[in-house]
Amino acid sequence: LGQRQENELVFPAFNYDFGVTRSFDVENDPVQVGGLPERLRSEGLFTRTPVPFFSFLYEGTEFSTSFENLDPFGADSIFDSISGNAGSILMLGVGLEAFTFIHHIESSLPGGPVYRYRKRFSGVVQRRGDQASCTVDLHVRPKGFPIDYDWPRLQAELFEVGALRFVERTGPVILVSATSAKDYLLGKLSENPLHLLTRKNQVEVAELLDGRERFSIEQFE
């Protein structure tokens, strides 16, 4: 995406059907993560990124996209642009368990998180009557194996280091500094690659790794 404008608003417009349908209709596929972004999409007030699974709504003209190797959490993603431009993530009425940005943090590790593996999804993107073939390549949750993030502990840690603050506790309304959260959690992951997980899940992952460097798709699919 390159450098975005200062003070620009973007809204998540995620739709998870691509894994089954292998087709993403940019204009017409509904947003599956909240009423506000779905209303904005339906009213046509924002441009939607042509990225299956993890699209966003944003103001401005469309950007050029290579559909050969799309990585929704990679170096040219909206997630990367938010952290690269010192952006903040405002979470309205949801707790940190809805913090999808954590997958960008994981994907920023060399090789990605040890408890996920890369998987490719081939399909098509439909936009304004045109259709383009695409391949989405991203780290996925192991099939049939739980990955449990320790959200209460992570929230407390981010609050303690000043990367998270409560705008309203009863709502809740939470504001997270993308850059500060990413820097802090990457530092913790460099010390312990399982830092984001609950203590119990860390033990389960370590047992299943059984000396391997990381999970592989062959273990689960």
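Colleague: By class, how many nonpolar, polar and charged residues does the lining of the second largest pocket have?
Modeller: Happy to start there, keeping in mind that this is a predicted model. The second largest pocket holds about 400 Å³ of space. Its lining is made up of 20 residues, and Y16, F54, H103, R116 and L138 are the closest to its centre. Sorted by class, the lining has 13 nonpolar, 4 polar and 3 charged residues.

Colleague: Which strand gives the most to the lining of the second largest pocket?
Modeller: Two elements each supply at least two residues of that lining, namely helix 4 (101-107) and strand 7 (130-140). The top contribution is 3 residues, and it comes from strand 7.

Colleague: Let's turn to charges. Which side chain of opposite charge is nearest to D25?
Modeller: D25 sits in strand 2 (residues 23-25), and its side chain makes a polar contact of 3.2 Å with the side chain of N28. D25 is buried but has no salt bridge. A salt bridge needs the nitrogen and oxygen within 4 Å, whereas the nearest side chain of opposite charge is 6.9 Å away, and that is R48.

Colleague: How many residues apart are E221 and K119, the pair that links distant parts of the chain?
Modeller: This pair forms a salt bridge, with the closest N and O atoms 2.8 Å apart. E221 is partly exposed at 43% relative accessibility, and K119 is partly exposed at 21%. E221 lies in the segment after helix 8 (217-220) and K119 in strand 6 (residues 117-127), so the separation along the chain is 102 residues.

Colleague: Is D137 buried or exposed?
Modeller: D137 forms a salt bridge with R120, the closest N and O atoms being 3.5 Å apart. R120 lies in strand 6 and D137 in strand 7, so the bridge ties together parts 17 residues apart in sequence. R120 counts as exposed, at 53% relative accessibility. The cut-off for buried is under 20%; because its relative accessible area is 13%, D137 is buried.

Colleague: About how many helical turns separate E157 and R153?
Modeller: Their side chains meet in a salt bridge (3.1 Å, N to O). E157 counts as buried at 15% relative accessibility, and R153 counts as buried at 14%. Because they are 4 residues apart in helix 5 (residues 151-160), the separation is about one helical turn.

Conventions:
Residues are numbered from 1 along each chain as its sequence is written. This is a predicted model: local features need pLDDT of at least 70, side-chain atom pairs count only at pLDDT 80 or more; totals for chains, interfaces and linings use all residues. Side-chain values use heavy atoms; hydrogens and water are left out. On a 1 Å grid over the protein atoms alone, a cavity is a set of points where a 1.4 Å probe fits but cannot get out, and a pocket is an open set with protein on both sides within 12 Å along at least five of seven lines; lining residues have an atom within 4 Å of a point. Grid points are joined across faces, edges and corners, and a volume is the space filled by probe spheres set on the points. Ala, Val, Leu, Ile, Met, Phe, Trp, Tyr, Cys and Pro count as nonpolar, Asp, Glu, Lys and Arg as charged, and the others, Gly among them, as polar. Buried means under 20% relative accessible area, exposed over 50%, partly exposed in between (1.4 Å probe, protein chains only). Lys and Arg count as positive and Asp and Glu as negative; His and the chain ends are not counted. A polar contact is a pair of N or O atoms within 3.5 Å; within protein, one must be able to donate a hydrogen and the other to accept it, and residues adjacent in sequence count only if both atoms are side-chain atoms.
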